[in-house]
Amino acid sequence: MIEAVGLTKRYGDKTAVYNLSFQVRPGAVTGFLGPNGSGKSTTMRMILGLDNPTAGQVTIGGYPYPKLPNAPRQVGALLDAKAVHGGRSARSHLLCLAQLSGIPARRVDEVLGVVGLQEVARKRSKGFSLGMGQRLGIAAALLGDPQVLLFDEPVNGLDPEGILWVRNLMKALAAEGRTVFVSSHLMSEMALTADHLIVIGRGQLLADMSVTDFISANSADFARVRTPDTEPQLREKLTSALTEAGGHVLPEQDGALRITGLPLPRISDIAHDADVRLWELSPHQASLEEAYMRMTQGAVDYRSTIDQKSGLMQPLPPGAQPPMPVPGQGQPDWYAPPSPQEGGQPFAMPQGQPGPYGAGQPPAGPYGAPGAGQPNPYAQPAPAAPQAPAAPPAPPAPAAPADLTKPEDAR
């Protein structure tokens, strides 16, 4: 089991991890999630003794990693698949690791077979693709048959077959009673692989719960309803009836309605009583990605803006229509409906919470959202209204042909 208590790491005046406490228990795949720059890699490095914490401690089986007896036989890790000497073959790389840890050479051939690199075992690793490098890194983690495994982005660069193999491997290792700690940005893959989630933002703990509880706590199930497109008055009639019954109705981009706060049988009864025909009535559950986006939207450091293309916009020709906007672009709460208990407010860390980031709101700046009432210094001005084109200038007189004296000038 991995246990972190009050873990803090500072680099000069920057706090990468602050007062982080959690447990990674055996017998389950624990996903480690967080935005870029949230401190995930720093935390995993402290677990493996590569970085010393400024405060707090982290232990594996009750011991700090440097004090574990024969640590490579107890803990396997993949943090950087590129940490391989390119001049060595895959087998030579694993053989060096095995000899340092007292692992028999026959185990090298076993793990090469497990990850599917038997045919390239004697080829130099500098010629490996990204996916092959990932497989070699996983083989190194499995070399000592450890009880604790840490993986940082293990499916990066793998093809669909490789991703499925890693997913099944993680589940099989956890089913054997091992501790499996996986960091990834692929929410769809985490939803299929992880049993438990630890989510951090700006170095602080945001959630420590099962995947099911995480989705339920940070999103709301909803019903999707569609009325005949040829009768828009029915849509308005149904919206009024559902709102009066206590439902929360949000319009969809394609004309359907997203309804929360009412069960499907109740929605059907209300539509029947209001004499409204339905073309669709279906239940929908928010995905892990939607719940994650909703929870971490207040802890994202790097935010993109809409490209205004100022100075590049060409005047539209006569009779042309402007392009339609991208559905949902720039709209708040686009990823998930608001939870009823939250009243539609975006996630924010509690006011007055101790820590270097105060209330947890994203700071104003080139990568953060501007403060309330403050203009975005990086927003481009709107393009000016198109003006009537000026008369075209007279064509220039044709130039005298150049004297092509060299073969390359004639090309």
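This is a predicted model: local features need pLDDT of at least 70, side-chain atom pairs count only at pLDDT 80 or more; totals for chains, interfaces and linings use all residues.
1. A residue is called buried when its relative accessible area is under 20%, and exposed when that area is over 50%.

2. After α10 comes D275, and the phi of D275 is positive, near 60°.

3. Is T260 buried or exposed? Its relative accessibility is 6%, so T260 counts as buried. T260 and R224 are 36 residues apart along the chain, and their C-alpha atoms are separated by 9.2 Å.

4. The next points concern helix packing. Two packed helices are described by the angle between their axes and by the distance between those axes. For helix α3 (residues 90–101) and helix α5 (residues 130–142), the axes come within 10 Å and cross at roughly 25°. Angles under 35 degrees count as roughly parallel, and α3 and α5 are therefore roughly parallel to each other. The crossing in which α3 passes α5 is right-handed.

5. Which residues make the contact between α3 and α5? From α3 the contributors are A90, H93, L94 and L97, while α5 supplies L136, A139 and A140. Of the residues in this contact of α3 with α5, six are nonpolar, one is polar and none is charged.

6. Helix α5 also packs with helix α4 (residues 106–115): the axes of α4 and α5 come within 9 Å and cross at roughly 135°. This angle makes α4 oblique to α5. Here, too, the crossing is right-handed, with α4 passing α5.

7. The contact between α4 and α5 is made by R107, V111, V114 and V115 of α4 and by R135, I138, A139 and L142 of α5. The residues of this contact divide into six nonpolar and two charged, with no polar ones. A139 of α5 takes part in the contact with α4 and is also listed in the contact with α3.

Terms used. Residues are numbered from 1 along each chain as its sequence is written. Side-chain values use heavy atoms; hydrogens and water are left out. Axes are lines fitted to C-alpha atoms, for helices over the stretch in contact, and angles run from 0 to 180 degrees between N-to-C directions. Helices (H or I, at least four residues) and strands (E, at least two) are DSSP runs, numbered from the N terminus. Angles under 35 degrees count as roughly parallel, over 145 as roughly antiparallel, 65 to 115 as roughly perpendicular and the rest as oblique. A crossing is left-handed if the near helix is turned anticlockwise from the far one by less than a right angle, and right-handed if clockwise. Contact means heavy atoms within 4.5 Å. Ala, Val, Leu, Ile, Met, Phe, Trp, Tyr, Cys and Pro count as nonpolar, Asp, Glu, Lys and Arg as charged, and the others, Gly among them, as polar. Buried means under 20% relative accessible area, exposed over 50%, partly exposed in between (1.4 Å probe, protein chains only).
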